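Student: I would like a close look at a single part of this protein. Please set out the whole first, then go to the part.

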Amino acid sequence: MNDWRAGEVRSLSVDQLGQYYRRYRLPDPEAEAAMAVSLGRFGQQTPVVVCLREETYEVLDGFKRLAAAGTLGLKTVAARLLEADERLAKAAILGLNQAGRRAHEWEEAWIVHALVREDGLTQDEVAELLCRHKSWVCRRLALVEKLGESARADLRLGLLSVTAARSLVRLPAGNQTEVLATRHRESLTAAELDGVVDLLLAAQGQTQQETGWAYDPRLSPAGNRVARRLADVLEGLGRMETWLKSQGRAGLTPCDRSVLTPGFDRLARDAQSVAVLAQDLVGELDNHDRVQTQ
């Protein structure tokens, strides 16, 4: 169909249509069943929207209509052609759903994640492409990256509800697999799963209060190791600063002073060196952020 112009509606065989982009939509069996009833009673009222990818017409909008057509045994469906590259195709999935059932935040998150991690766009570029604020993009990206891979797969397949997924992202990724396995094994409801998460977070909170450090799901494993060291150092410095500012030093004996002097001498020297290096890193990070936003 080399003469098929963008915007035109034509009849396509159901077998011709690819569903690569369905990965960005949540399964909705009830809506598909309702669509089958509507399609059987009133016929197809709105064409599916497709784009051409490697000689295949990939559906961007109309997955429920396509599923209903399959249920009813229809051989063809009406389709409208949209010219779009990979990035615009993903953006179109969100834009085309503004009129009907709006994309769920998880669907938005998957598209943002794909644009950033697969297509290499910056968060600013994604915000401009989707006509959203950068903070909206950042929240959606974090939503996907806080959910473990096994949970993502279950959510895509409809084996995990949106409510349950929202509970799981409250946990560090390392704890999600075990909790997810427990949910499947014990057939926990979403409310029961939320209760399990509450218990785990309470236990972790107690441990983190004792260590002065809290796991941050936004950080990589290396980033969390640095954050933990930083928390330990800052806690120690805070205590030392309080002691040095107080009158506690007056209680040191002459013997204490002679023994502790080399340690305090090293503290003064190393603290000054660390301060210079930390300030240098802060400047480097600030410059990196400015480049990313340009």
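Student: What percentage of the residues in the protein are buried? After that, take me through helix H2 (residues 63-72) and its buried residues.

Tutor: This is a predicted model, in which local features need pLDDT of at least 70 and side-chain atom pairs count only at pLDDT 80 or more, while totals for chains, interfaces and linings use all residues. Residues are numbered from 1 along each chain as its sequence is written, and side-chain values use heavy atoms, with hydrogens and water left out.

Of the 294 residues in the protein, 30% are buried; buried means under 20% relative accessible area, exposed over 50%, and partly exposed in between, with a 1.4 Å probe and protein chains only. The protein has 12 helices and five strands, where helices (H or I, at least four residues) and strands (E, at least two) are DSSP runs numbered from the N terminus. Among contacts with a separation of 6 or more, 69% join residues 24 or more positions apart; a contact means heavy atoms within 4.5 Å.

Now the part you asked for. In helix H2, the buried residues are Phe63, Arg65, Leu66, Ala68 and Ala69. Just after H2 comes Gly73, with a positive phi of about 75°.

For contrast, look at Glu149, which is found in helix H7 (residues 149-157). Glu149 counts as exposed because its relative accessibility is 57%. Its C-alpha lies 9.4 Å from that of Gln176, 27 residues apart in sequence.
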